[in-house]
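I opened my notebook to get to know a new structure. Come along and look with me.

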Amino acid sequence: MEQIDWSNLTFGYLKTDFNIRCHYTNGAWGELEVSDSEHLTLHMAATCLHYGQEAFEGLKAFRGKDGVIRIFRIEANANRLQKSSEGLMMAELPTDLFTEAVLKAVKLNERFVPPYESGASLYIRPYLFGTSAQVGVKPAKDYMFVVFVTPVGPYFKGGFEATPYVIMREYDRAAPLGTGTIKAGGNYAASLVAGAKANEMGYSAVFYLDSKEKKYIDECGAANFFGIKNNTYVTPESTSILPSITNNSLMALAKEMGMKVEQRQVPVEELETFEEAGACGTAAVISPIQRIDDLQEDKSYVFSKDGNPGEICVKLYKKLQAIQYGDEPDNFGWVTILK
Ligand SMILES: *Cc1c(COP(=O)(O)O)cnc(C)c1O
């Protein structure tokens, strides 16, 4: 077997041994298939290619100190994919089948789950898309579901670090009543130009305000936002935010730690009042925000002067990771142990 340099993995793609596939035809899902090919055979007129009928998920498997492999919140990801199917008029994949496919994909690629000490993990990418050949704009009859896995490195190589974000009012990620709440690939295509521009200017990601009024906070790139003040965890509510499972988990942990949790509209000026701020998602768990520059208003909201994350960000981050790696008990039933 080739040697993998676990602690120097990036958030890239590394070939693993097997992937799982499942076809939906004639109104029913077929059997799970195991493949060792990295390629799909697709009709050139498949709806996913022309009309963006595609949604995906992202979750991780972790190897504990005890050698046990734990997968974080499979069921929540299955439920979210079902919501995406509803929103894009795609066939709905039952939770059992989703779970079986994820477990199988991890099991067959067990040797790619990084060792505990490396701080790396196995990223799991399930996705579902329309495959019927048609040019008429209507939902496909046939669908395909695929799960592949790839090991990814620790998000913070130089340690947990705060980074800057930027408000750019000339770009939107999703329409107020559009597909923002759906984990659709198309939302990402729509965000690439703004994201690249932000990166070019030295920012981690775009800090999006609501598309209609540009008054309220939406998301930080492809991560949810939260702010901390007066022992309260505040996270925006909006019709265009993707419901992050990490955010949902952090809210539960914040409550457990005795904090208040508020999910509501958050006006952009309120940024001034937060003691700490972070972006959250599966890739990094928490990415602490150093500052947010509002270019048009020529204003800067600073949360960390020295680049170090705030105390509560660190506490929440450590707690969630401890549950994921099995260092602390899974009181919420979030973890599935691979047998
Ligand atoms: C996937 C995603 C997130 C993060 O969700 P997690 O379930 O925490 O990984 C946040 N925002 C967008 C737009 C996303 O696509």
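Here are my entries on one strand and some charged pairs.

**Ground rules.** I am reading a predicted model, where local features need pLDDT of at least 70, side-chain atom pairs count only at pLDDT 80 or more, and totals for chains, interfaces and linings use all residues. Residues are numbered from 1 along each chain as its sequence is written, and side-chain values use heavy atoms, with hydrogens and water left out.

**Strand β6.** I looked up β6, residues 69-72 (strands are DSSP runs of E, at least two residues, numbered from the N terminus). Ile 69 and Ile 71 on one side are buried, as are Arg 70 and Phe 72 on the other (buried means under 20% relative accessible area, exposed over 50%, partly exposed in between, with a 1.4 Å probe and protein chains only). β6 pairs with β5 (residues 59-63) in the antiparallel sense over 3 bridges (pairing takes at least two DSSP bridges). I found Phe 62 bridged to Arg 70. β18 (residues 335-337) also runs antiparallel to β6, with 3 bridges, and there Thr 336 partners Ile 71.

**Salt bridges.** I counted 16 in the structure (a side-chain nitrogen of Lys or Arg within 4 Å of a carboxyl oxygen of Asp or Glu). Arg 70 turns up again, meeting Asp 66 at 2.7 Å, N to O. Arg 70 is buried at 9% relative accessibility, whereas Asp 66 is partly exposed at 47%.

Note on methods: Helices (H or I, at least four residues) and strands (E, at least two) are DSSP runs, numbered from the N terminus.
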